Every structure is written in structure tokens, then in C-alpha cells.
Amino acid sequence: VIRTILVGSLAAAFAAPTAASAAAATTVIDLGGSRGYVHADAGTPLTAVQLFVNAGLARETDAQNGLAALVAELILRSPVPSTTSGQAVPLTDAVAARGGSLSYAVSSGYVRFNLQATPETLPTIAPLVARVLAAPAYDPATLAAARTALTARIANDEQDPRLVGLGMLRASFYRNGAALPALGTPASLMTLTAADARAFHDRWYVRGNAYIAAVGRTGATSDAASRALVAALPSAQAPAATTPSTRPFNSEPRRLLTHRDVPSPYVVLGFAAPSLGDRDFAATLVVRSFLADVFVRPSATTRPLALRGIGTVYGYDVAPAQFALWINGALIDPSTGLGALSALVKATGDKPLPPNILDRYKESARGEWQLEALSLEDRAWSIGNAVSQGLDPDTADTIGASIAKVTSADVQRVAKRYFQKFDVALILPRTAEGGGG
Amino acid sequence: VTIHTMLRAAVTAALLVVYGAAPADAQPSSPTSAGTLPGGVSYELLPDPAQPAAAVALWYRAPSSGFGGTPVAGLSRLAAATVAASAPITGTPLGRLIQGFGGKLTVAAYPDSVSVIALVPPDHVSQTVRALTADFFAPVMTQAGLQIAQRDVGEDALYRSYDPEDAVEDALGTALFSAGPLHDGVLGTPDGYRGTTLAQVRTFAERAFRPANAILVLSGNVNASALASIATREGSQPGSEQPIVQARHVDPAPLARAGHAGGIGLGWVGPPIADEAAATAMDFVADALFAPDSGLVQKAIGTRKATVSGRFVTFHDPGIFLVTISGPDAAAVRPIVERALADAAKPMAPAAFDAARAAFVYRVMADTETPVETAETLGWYAVEGNPAYAPSEARSRYFAAAGALTPGGVAATAAHYLGTAPAVVTLTEQQQSSRPSGDKKRT
């Protein structure tokens with residue numbers, strides 16, 4: 001199972017040392033009481049200004065599931081004056097017509113809005129977005145459009161067995177908001193009213209816990225845009241959100257089963273995992289690299305996700321975090337895969353990795369981490385996510401050095417502590433008779 | 001094994017690989033954005049030291065179906081994958097080397113070009129440049145490597161054959177052109193790849209992948225010193241491949257096929273890349289009509305169950321404008337698409353035009369956000385023969401052309417190129433058709 005070839009040994013011997021340019025550190029600016037975290041990249045023509053609002057899943061009750069996403073969707077679809085006619089258009093269209101883009105994502109602790117544009121167009125776009133942030137539309141047409149858009153996104157996600165499995169495992173692992181489907185469900189969305197959305201917005205869209213992460217061609221215009229977005233929120237403080245808690249694992253894996261319109265089965269394993277700021281985080285990345293290499297056959301190039309037998313998702317946007325490992329049943333027999341993985345994580349906990357194996361996976365883990373966030377939106381998220389967990393905004397830049405220090409004992413400890421117990425989600429094809437559901 | 005050993009010996013004799021310090025004249029005295037190195041390798045350099053990663057890419061002008069004889073659809077992809085899968089003289093296949101330090105390696109084949117792109121951590125750029133150029137400039141190709149490549153490329157082709165856009169666009173090339181790589185297609189089939197011999201692949205690679213035909217693109221967290229790591233090869237054939245002549249059908253006949261994916265395709269011949277104003281106008285038209293969510297066609301479709309995509313592909317000569325309509329309501333949506341295309345020949349109202357152009361320019365900029373996207377864009381425009389026109393802020397000709405667009409000019413260009421009857425492709429989905437990976441979406 002474990003390939004023992006020391007990758008790149010000859011090539012490494014020839015390699016001339018080429019130090020990477022030192023990444024500039026994130027600077028912190030005052031946005032009238034709130035904080036802005038600014039990371040300049042003059043090599044790109046665009047700037048991403050990302051607003052984090054403490055109005056994520058943790059603010060929802062079970063009965064309100066989908067409300068965080070619905071309010072965000074309402075903001076994007078709120079009508080604003082068009083530049084081309086007297087008719088109103090959704091905010092996203094208005095932003096696009098001015099040369100930018102606006103999107104959102106819902107997490108356990110926050111909802112984040114990513115506004116992206118050139119420095120030249122940001123001054124015209126940011127005030128527009130700010131006005132809607134302060135007062136979204138709750139009229140029936142906008143509400144219906146928001147519901148329709150969310151339902152379509154949910155349906156799209158349902159086609160990906162990995163996302164289905166992750167959702168099942170989150171629901172099993174977490175006790176509160178983090179357990180809920182990020183976008184709600186079609187059924188839950190139908191129960192949510194305009195009054196619910198307005199109350200949620202009025203209560204949680206406040207300046208006290210909000211902050212900005214800006215990446216790209218930053219400067220005076222992005223600073224001003226950041227101030228405009230934050231200033232759109234009332235200056236109130238909201239009580240801290242409930243910290244996610246988790247359920248203890250059973251000694252035997254909890255098996256979760258569902259049927260979907262997929263042609264082959266998927267198995268997704270969910271483990272507890274150290275959070276971004278935990279001392280075991282770097283060692284877990286090494287384990288991630290190690291596990292992702294199991295069953296990997298020789299290939300010419302990096303295989304696309306859909307054609308890989310195995311893959312991982314590390315959910316470190318929540319603390320405590322969850323680690324998931326999926327097996328594509330079309331390429332690996334699920335029973336064989338599950339058995340081999342169980343044996344492997346047990347063996348990794350029982351005895352230390354040989355030095356050459358450890359070095360190999362530290363190397364790949366370090367590289368994979370450097371490629372973790374590449375788009376402006378992801379880079380801004382990386383900063384904001386660290387801040388949301390009370391960490392330094394440049395935490396991600398320190399992980400590579402932490403990986404270099406990982407020892408066999410660290411890997412063994414992590415394998416023992418986090419990878420011996422897990423839940424299993426099975427996503428099976430619907431039968432011809434329509435079985436399952 | 002014997003063939004492998006003999007080949008390695010021959011290649012070792014023919015190859016002069018420069019490890020570490022390069023000859024003084026091989027290294028530019030100061031960082032420049034583009035140029036040609038003494039071995040004949042062209043390069044494009046777009047550093048951005050604030051990026052967390054780097055892309056190292058090799059682009060080649062080469063017909064996807066081979067340089068002559070019986071066309072083999074997708075031969076260029078298979079050849080590049082075979083090089084990446086074969087153990088070179090340094091002992092580690094390229095794909096494994098790159099992934100060993102956490103990088104990603106991709107091969108992409110287009111009708112008249114092929115690219116190999118490595119996304120790597122910044123401290124592995126020189127090593128990647130060295131390995132990539134050494135492996136491709138003097139390709140060692142083994143039977144074992146070919147088998148791995150045949151399996152991988154065959155799986156990719158099968159998977160992509162379920163994607164309506166890929167299948168329709170491949171067929172539109174056949175409908176638009178009577179011969180040449182666009183006619184032959186790039187997808188290929190698993191059986192076709194399995195039937196390709198090592199000799200065929202090797203012959204192709206020796207000609208296509210030689211240094212003088214290479215365009216090296218470095219983007220992201222890179223600097224010019226990485227150029228010192230480029231391998232060179234003594235005695236390789238000088239000169240790059242000339243642009244490929246595409247023989248057009250004068251009056252394209254409708255084409256009907258059965259396959260894994262169903263859909264309707266409409267295709268037109270467009271301006272060459274040298275006609276920057278017209279090519280930019282066609283890009284604008286495609287964006288205004290077909291941009292996801294905000295395009296005029298996308299909005300006109302409403303709740304109908306159909307997916308429509310459209311794009312202008314800036315080939316050397318001619319470019320092509322391709323539209324794909326798929327889904328249960330494809331036939332019902334086709335008149336909407338045709339009406340929108342006809343309306344493109346009428347000037348837009350000034351305010352609507354300004355808004356559409358702002359959205360278009362933003363999307364073009366957003367398409368070069370990451371090192372790989374930049375390498376793809378720069379490489380494409382270089383291999384098609386007009387690198388200075390690549391959409392890049394540093395090379396502002398593309399955006400100058402976008403800024404110079406007018407409603408009347410765009411309408412006239414659309415009328416000229418889209419005013420004729422299109423080539424039409426109808427793909428019928430075979431029954432019992434099920435995508436092989438357990439995943440309906442391409443990821």
C-alpha cells in the first residue's frame with residue numbers, strides 16, 4: 001500500500017537553491033472601530049474585499065436552517081437601479097455591469113461576502129453594495145428569486161456524492177450550527193418567511209463582530225471600500241455565537257446511509273481533527289498527504305477529482321475541525337478500501353513512520369499547503385478564517401515551517417488521537433426500483 | 001527493458017542538460033518578459049512575487065492528430081502524457097516528481113497545440129523547469145509509460161465524452177473543416193489510444209517537443225533566474241512548427257452523431273488572431289450573450305431546462321465561434337439562441353454596451369487570477385502567434401482593443417462572421433449511457 005520510492009532524490013541532488021520570495025505580511029487597518037486585514041499583491045489588476053459577518057450557521061436554530069444563506073442570497077438579489085435603463089436589477093447584475101463581482105459563502109461562524117473589482121471601479125461598486133447590506137429587500141419577488149437560486153445550488157451540490165457525504169458526516173459529528181446544511185434544504189427554505197429574514201438580518205448583521213480581509217491591488221480605494229462595507233452595518237455588538245461542540249465517537253464506526261442518483265457508490269469517512277491553531281495541525285497535514293496517497297496508482301499527470309479513487313477534505317473552517325476521506329467505489333472496492341484504511345491508520349498509530357517515508361510526506365504536505373489558496377477570494381478567506389479563530393491573519397504562512405518540524409512521534413500521536421475512531425457515510429446509487437432515499 | 005535501456009543511452013549521448021549554472025549567454029542579463037534563448041526556446045515571463053505558488057508551462061504548436069499520415073485523434077495528448085509517465089534518465093517520471101513535492105501536473109491538448117503545465121511551490125520552480133525541459137526536449141518514452149498514458153488519457157476521453165460541450169465542440173470542428181486537426185478532433189477514444197504504438201508516439205514527440213518548437217511560460221512567484229535551469233539539446237532540429245492550415249468546408253453540411261452526450265452545436269468561422277479588433281469584438285459578443293448567469297441568452301432561457309455555452313476561440317487563422325445547447329429543452333431553446341445571435345448584428349444601446357463591456361473586461365481579468373490561468377492565457381496567445389495580444393495588464397493591447405470597441409463596430413463584426421449559416425451538429429445521447437466515474441460534474 002505504501003509506495004517506498006524516495007521521490008525526487010536524484011532531481012533534488014541537482015536542484016539549485018532558489019529561495020521563494022518572502023511573502024509580504026498582512027497589515028491591519030482601522031475601519032472606524034472594526035478591523036481590516038490587508039494583503040497587497042500588486043501583480044494582479046483586481047482587488048478582493050471580503051466582509052466577514054458573524055451571521056453564519058451558528059446563529060440558526062434547527063427550525064431556522066437555511067436562514068443565513070437566504071439572507072445572503074436576498075442581499076445579492078435585492079433590486080438596485082440599473083445603469084442601462086430605468087428598471088431595477090439584482091445587486092449582482094448591477095455589480096457586474098460596473099465591472100466587478102459579488103458572491104457569498106456560509107460557514108459555521110460567519111457569512112462572508114466577496115466583492116471583487118479593479119481599484120478603479122471599486123469606488124462606484126462598494127457604496128452600492130453597502131446600501132443593500134444596510135437594507136436588503138424582502139419583497140415577495142426577491143424572496144422567491146432567492147429561494148429558487150438556493151434550491152438550484154442545493155440540487156447541484158446533491159449531484160456530488162462527496163458533498164453529500166460531507167454533509168452527512170457534519171450532521172453526525174457536530175451538535176449545533178455546524179451540523180446544519182450550509183444552504184438549508186428545499187423544505188426548510190419554504191418555511192422561512194420575509195419576517196424571519198428581516199429579523200435575522202436586524203439581529204446579526206452588526207458591526208461589532210465584522211471585519212474585512214482585502215487581497216490584491218489594495219490601497220486607498222480598497223481601504224475606502226472596506227470602510228463603506230463595514231459602515232453599512234449598525235454599530236451594535238452581538239453576543240458571541242455558540243462555539244461548535246461535537247459528539248463523541250462510538251467504539252464502532254457509526255454508519256450513515258443514503259441513496260442518490262449516482263452511478264457508483266462513494267464511501268466518506270469522517271474523523272475529528274485538530275483545528276488550524278492546534279499544535280497538531282501540521283502533523284495532520286502530513287497524515288493527510290500520507291492517506292491521500294493510499295491506493296494511488298502510477299499516473300502520467302495529476303488526476304482530476306472525478307477520476308481519483310481517493311481524496312480528502314480538511315474542514316478547518318470550523319474549530320474543532322473535521323477531516324473527511326472519500327473513496328470512489330467505481331475505482332476502489334469500498335469494502336477493501338475501508339478495511340485497508342482502517343488497518344493503515346491503526347498501524348500509523350502503533351509505530352512510527354520510517355524517516356524516508358516521513359520526509360517524503362512532509363515534502364508533499366508542505367507543497368500541497370502552499371497550493372491550498374490561490375485565487376484572490378481563497379487568499380482573502382484564508383486570512384479571514386484565521387482571524388475568525390482568534391489567530392494571526394498570516395497563520396497560513398507559518399504552516400509550512402511547522403510541517404518541516406513534524407516528527408514521527410507527532411504523526412504517531414495524531415494518528416492515535418484523531419484517526420482511530422470515525423463515522424462512515426455510504427452514498428449508494430438508487431436501485432432500478434427506486435430504493436433508498 | 002532492452003529498448004528502454006538502449007533509448008536511454010541514445011538520449012544521454014544526444015542530450016546536453018544544463019544543471020545548475022547555465023552558460024552566461026543563456027541567462028538574460030536582466031529580467032525581461034519575453035524572448036528566445038540560445039537553444040531556440042521561446043519564453044514568456046510574468047512574475048508576481050506575492051503569489052503563493054508558481055506555474056511552469058511548456059507549450060508546443062503541434063497538430064493534435066499528428067504531423068501526417070493517418071490522423072490519430074488526441075495523439076498529442078497521448079504523447080505528452082507518455083513523456084510525463086515514462087522514467088527519464090534522472091529516474092523519476094515527471095508526474096511523480098511534481099506530485100512528490102505537492103505540485104500538480106496537467107496536460108491539455110488543443111487542435112493545433114499541446115500544453116504541459118506544472119503548478120508548484122515557489123522553491124521548486126528551478127527544479128521543475130529543469131525536469132520539464134529535460135524530459136520533453138529529449139523525450140524518453142517507455143512502453144510502461146505509454147501504457148499508463150493510454151489508460152489515463154483513455155479514461156479522460158471517455159469521461160469528457162459525457163460532457164455535451166466537449167462532445168459538441170469536437171464534432172463542430174469536423175463540421176466546419178474538411179481536413180486538419182480541427183476536423184480530426186482532440187478527444188480521441190480509449191480504443192484509439194490503446195491502438196497507438198510507441199513508435200507513433202515517439203515519432204510525434206521527437207518532432208513536436210524539440211526545444212526550438214517550445215514556448216516556456218513562467219508565471220506567479222517566479223523570477224528570471226529560473227531560466228538558467230532550462231535544459232537544451234544538441235543537434236535538435238531548429239525552427240518552430242509553422243501554423244497549421246485548416247481546410248474549411250465552403251458550405252458545411254449538418255452533422256448528426258450518436259454518443260454519450262446529447263446536444264446541439266452551432267459553429268462559425270471567425271477572424272484570425274492577427275485581427276485583434278475583430279477577435280476582441282467576437283470575445284465580447286460571446287461574453288455578452290453567454291456569460292454564466294448574466295449573459296443575455298442565459299437570462300432569456302429563464303427556467304427552461306437547458307444549458308447553453310458559447311465562446312470565441314482565438315486560433316491563429318481562422319478563429320471559431322462555438323455554441324453548445326444541451327438538456328431536455330435544447331430544441332426549444334435553439335430559436336432563442338439564434339434570435340440573440342441575430343440581434344448581435346444590431347448595435348447595442350450605449351449604456352447597455354458600456355455595462356456589457358465593463359462586465360466583459362472584468363471577467364477577462366478574473367480569468368488570469370492564478371498562476372496557472374496566467375500560464376494558460378500567455379501560452380495560448382504565444383502558440384497561436386500573437387503573444388503581445390494576450391490579455392494581461394502588463395501587455396495592454398488586448399485591453400486597449402476592448403476599450404476601443406464601439407456598439408457599431410461590434411455589430412458589424414458580428415454581422416460579418418455570424419451572419420452566415422452556421423455549421424450545425426446534432427448529438428443524440430445513446431440509451432443506457434452512464435458517466436464512468438460516479439460523478440456527473442466535471443471537477
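Colleague: How many residue pairs are in polar contact between chain B and chain A?

Modeller: The count is 14 residue pairs, both residues at pLDDT 80 or more. A polar contact is a pair of N or O atoms within 3.5 Å; within protein, one must be able to donate a hydrogen and the other to accept it, and residues adjacent in sequence count only if both atoms are side-chain atoms. This is a predicted model, so local features need pLDDT of at least 70 and side-chain atom pairs count only at pLDDT 80 or more, while totals for chains, interfaces and linings use all residues. Residues are numbered from 1 along each chain as its sequence is written, chains are lettered from A in the order in which they are written, and side-chain values use heavy atoms, with hydrogens and water left out.

Colleague: How many salt bridges between the two chains?

Modeller: Seven between chain B and chain A, each a side-chain nitrogen of Lys or Arg within 4 Å of a carboxyl oxygen of Asp or Glu. B:Glu155 forms one with A:Arg303, the closest N and O atoms being 3.0 Å apart.

Colleague: Changing topic, what is the strand order in the open sheet of chain B?

Modeller: β11-β15-β12-β14-β13, five strands with mixed pairing. Two strands pair if DSSP finds at least two bridges between them.

Colleague: Why is one side of β11 and of β13 left without a neighbour?

Modeller: β11 (255-259) and β13 (307-313) of chain B stand at the edges and each has a single partner strand, so one side of each has no neighbour in the sheet.

Colleague: How do β12 and β14 run, parallel or antiparallel?

Modeller: Antiparallel, joined by seven bridges in chain B. B:Leu266 stands opposite B:Val323 in β14(B).

Colleague: In chain A, what do β1 and β2 form?

Modeller: β1(A) and β2(A) form a hairpin with four residues between them, and A:Gly32 in the turn has a positive phi of about 75°. β2(A) also pairs with β8(A) in the parallel sense over six bridges.

Conventions: Helix = DSSP H or I, 4+ residues; strand = E, 2+ residues; numbered from the N terminus.
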